Amino acid sequence: MKPRTLAVVVLVLAAAGARLLPHPPNVTPIAAMALFGGASFDDARMALAVPLAAMLLSDVVLGLHATMPFVYLGFLLIAGIGLWLRTRRSIPTIAAGAVVGSIAFFLITNFGVWATTTFYPKTAAGLWAAYVAGLPFFRNTVLGDLFYCAVLFGGWAALERIVPSLRTGAAVAQGS
C-alpha cells in the first residue's frame, strides 16, 4: 500500500474511532470522514468502501438499527461529493460540500426514520413531522461537519507540506 493511501486509511479509521468517544448529539467526524475519503483516495472504490467499512466497524460496537441503509446511503452520497471535490479542492468548495452533504444526510436519514419506525404516521404530514423533529439536531450536524472537515482537510494539507510523499502527482507538479 502506498504511503498516501495508508495515511488516508489511518485518518479515516481514526475519524470512525472518534465516533465512539463521548460527543454532543450529531457532532461526529463521520460525514467529514466520508467527504475527505472521497476527495483523498486515489481509487474511487476505496473512496467509497473504506469510509463505509469504518462506519460499519463502529456500528458493530454501537449497535445496528433499522435506519442503517438510509444512513449508509447518505454517507455514500457524501463520499460521492468528495469524489467531485477531488479536482476542485478549495476552502469554499469543501465548505459547500460539507453543507450539501449535511442537508442530503438530514433529508435521507429523517426519511428513513419516517419509513422504518412507528414514530410517525405514513402520511405527508407524518413525513413533515419527522423532518421538523430532526431540525434541532441539524444545526449540530452542520457545525460538526464543518468543524471536522476543517480538521481533516486542513490537517491533511499541513501533513502534505511536511511529508511530500503524501502528495498526489498533480500536487507535486504544482509545487503545493
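**Ground rules.** I am reading a predicted model, in which local features need pLDDT of at least 70 and side-chain atom pairs count only at pLDDT 80 or more, while totals for chains, interfaces and linings use all residues. Residues are numbered from 1 along each chain as its sequence is written, and side-chain values use heavy atoms, with hydrogens and water left out.

**Overall fold.** I found 7 helices and 0 strands in the protein, where helices (H or I, at least four residues) and strands (E, at least two) are DSSP runs numbered from the N terminus. The C-alpha atoms fill a box of roughly 55 × 30 × 30 Å, taken along the principal axes. Buried residues make up 43% of the 176 residues. I also looked at contacts (heavy atoms within 4.5 Å): among those between residues at least 6 apart in sequence, 70% join residues at least 24 apart.

**Helix α2.** How many residues of α2 are buried? I counted 11 of the 11, so α2 is largely enclosed by the rest of the structure. Its buried residues include Ile-30, Met-33, Phe-36, Gly-37 and Ser-40, and what covers them includes α1, α3, α4, α5 (91-116) and α6 (124-162).

**Cavity.** I then searched the whole structure and found 1 cavity of 30 Å³ or more. On a 1 Å grid over the protein atoms alone, a cavity is a set of points where a 1.4 Å probe fits but cannot get out, and lining residues have an atom within 4 Å of a point. Grid points are joined across faces, edges and corners, and a volume is the space filled by probe spheres set on the points. The volume of the largest cavity is about 40 Å³, and I list Met-33, Ala-34, Leu-48, Pro-51, Leu-52, Phe-75, Leu-76 and Ala-79 as its lining. The elements that give two or more residues to this lining are α2 (30-40), α3 (44-62) and α4 (68-85).

**Arg-4.** I place Arg-4 in helix α1 (residues 3-18) and record it as buried, because its relative accessible area is 7%. Leaving aside its neighbours within four places in sequence, I see Arg-4 in contact with Ser-40, Asp-42, Trp-156, Glu-160, Ser-165, Leu-166, Arg-167 and Thr-168.

**Asn-26.** My last entry concerns the loop between α1 and α2, where Asn-26 is found. Asn-26 has a positive phi of about 65° although it is not a glycine; most residues other than glycine have a negative phi. I record Asn-26 as partly exposed, because its relative accessible area is 34%.

Notes. 1 Å grid on protein atoms, 1.4 Å probe; cavity = no way out; pocket = protein on both sides within 12 Å on 5 of 7 lines; lining within 4 Å. Buried < 20%, exposed > 50% of the residue type's maximum accessible area, 1.4 Å probe, protein only.
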